[in-house]
Amino acid sequence: MTVRTPEPVQVVKQRRDDALAAIVAAIPYIQFLNVSFERRGDELTAVMAYRDTLIGNPALPALHGGAIAAFLEVAAVIELTWATAWAAIEDGTLTPEAITSGHQFALPKTIDFTVDYLRSGLPRDAYARATINRSGRRYASVHVEAWQDNRDRLFAQGTGHFLMPDANSAKAD
Amino acid sequence: MTKDNRAIAQSFIDAIPHSHALGMKIDFVGDGEAHMSMDYDERFIGDPATSVIHGGTVFALLDTCGGAAVISHPDHNGATATIDLRVDYMRPASPGQRIRAVATCYNRTRSVAFVRAVAMDDREDKPVATAAGAFVTGG
């Protein structure tokens, strides 16, 4: 019986981090919003680092509902893209170069997105995690939870439906 | 609406840092209705393959426009906050084109205002997105 030598940990980490960085870097609006992603294995946490330009109510002050919605939608789209691409990233068929060039790689399209504003967003960093509740060939349903100081006290949550890349390339438009 | 009202509404929007950062303009406000617009900007791109702006920017415009419609209602005093908002993305916004939003506060109670909104690019007969939501009234 032949035993395969496991890949060195740094090689695994580098491959995953490079692929994630390529996906995130491809979308200019993520940079505009100052959103980054932290990764533990395949689990992603979106982080929206605080900036004054994210404020929607200067009197309170509170984060803008539009910025919160955009943050949740970005977290959902990246989670869905990441989960869909994971197997191809792991077996080496999807490289960061291929992601950057846009060949054999496409983003899901948002069909609808609903945001529930649970409490006002404080002027500090925000975190979000997305869960894919349905992932079919044509569309996916994704739920996102966002918090600031306490993981158990969400300040916003969102649910969205997304058209999967294969389905939208097959669609005659 | 008088010209002064539009100027007051615009200065109100300019005081919102995130709306200012997205370059939102007030085109009309009055009696529970608001019209706003936002120019195309490459920094807003959400899909690099098509240069289409991210849905989040359209969401932000519809949310702000909805809030402006609530505040512009004759019975309204003070600020407002979004309770929930749903946006349906009908088609991609054409790259390079300005997005216009029209929001109407079609019902108000003592604590809640109900809003519908629509976003269009240059093709006004086919909306880019529609929205429905609830906002807080009164303090």
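Is A:Asn34 buried, partly exposed or exposed, by relative accessible area? A:Asn34 is partly exposed, at 23% relative accessible area. Buried means under 20%, exposed over 50%, and partly exposed in between, with a 1.4 Å probe and protein chains only.

This is a predicted model, in which local features need pLDDT of at least 70, side-chain atom pairs count only at pLDDT 80 or more, and totals for chains, interfaces and linings use all residues. Residues are numbered from 1 along each chain as its sequence is written, chains are lettered from A and ligands numbered from 1 in the order in which they are written, and side-chain values use heavy atoms, with hydrogens and water left out.

**Figure 1. Chain A as a whole.** Chain A has five helices and eight strands. Their order along the sequence is α-α-β-β-β-β-α-α-β-β-β-β-α. Helices (H or I, at least four residues) and strands (E, at least two) are DSSP runs, numbered from the N terminus. The C-alpha atoms of chain A fill a box of roughly 65 × 45 × 30 Å along the principal axes. Of the 173 residues of chain A, 47% count as buried. Chain A exposes about 8800 Å², and carbon and sulfur atoms supply 51% of that area. Accessible areas come from the Shrake-Rupley method with a 1.4 Å probe; for residues, only the protein chains shown count as cover. Among contacts in chain A between residues at least 6 apart in sequence, 62% join residues at least 24 apart. Contact means heavy atoms within 4.5 Å.

Figure 2. Rolling a probe the size of a water molecule over the atoms shows where empty space is left. A cavity is a set of points, on a 1 Å grid over the protein atoms alone, where a 1.4 Å probe fits but cannot get out; lining residues have an atom within 4 Å of a point. Grid points are joined across faces, edges and corners, and a volume is the space filled by probe spheres set on the points. The count is one cavity of 30 Å³ or more. The largest cavity holds about 30 Å³ of space. Its lining consists of A:Phe37, A:Leu44, A:Ala46, A:Ala75, A:Glu79, A:Ala128, A:Arg129 and A:Ala130. Strand E2 (43-48), helix H3 (65-90) and strand E6 (126-135) of chain A each give two or more residues to this lining. The largest share, three residues, comes from E6(A).

**Figure 3. A:Leu107 in its loop.** A:Leu107 lies between helix H4 (96-101) and strand E5 (109-117) of chain A. A:Leu107 is buried, at 7% relative accessible area. The C-alpha atoms of A:Leu107 and A:Val77 are separated by 7.6 Å, with the two residues 30 apart along the chain.

**Figure 4. The cis peptide bond at A:Pro61.** The bond from A:Leu60 to A:Pro61 is cis, with omega near -15°. A:Pro61 sits in the loop between strand E3 (55-57) and strand E4 (62-63) of chain A.

Figure 5. A:Asn34 is in the loop between helix H2 (28-33) and strand E1 (35-40) of chain A. Phi of A:Asn34 is near 70°, a positive value in a residue other than glycine. B:Asp31 is in the loop between strand E1 (24-30) and strand E2 (33-38) of chain B. Phi of B:Asp31 is positive too, near 45°. B:Asp31 counts as exposed, at 63% relative accessibility.

Key:
1 Å grid on protein atoms, 1.4 Å probe; cavity = no way out; pocket = protein on both sides within 12 Å on 5 of 7 lines; lining within 4 Å.
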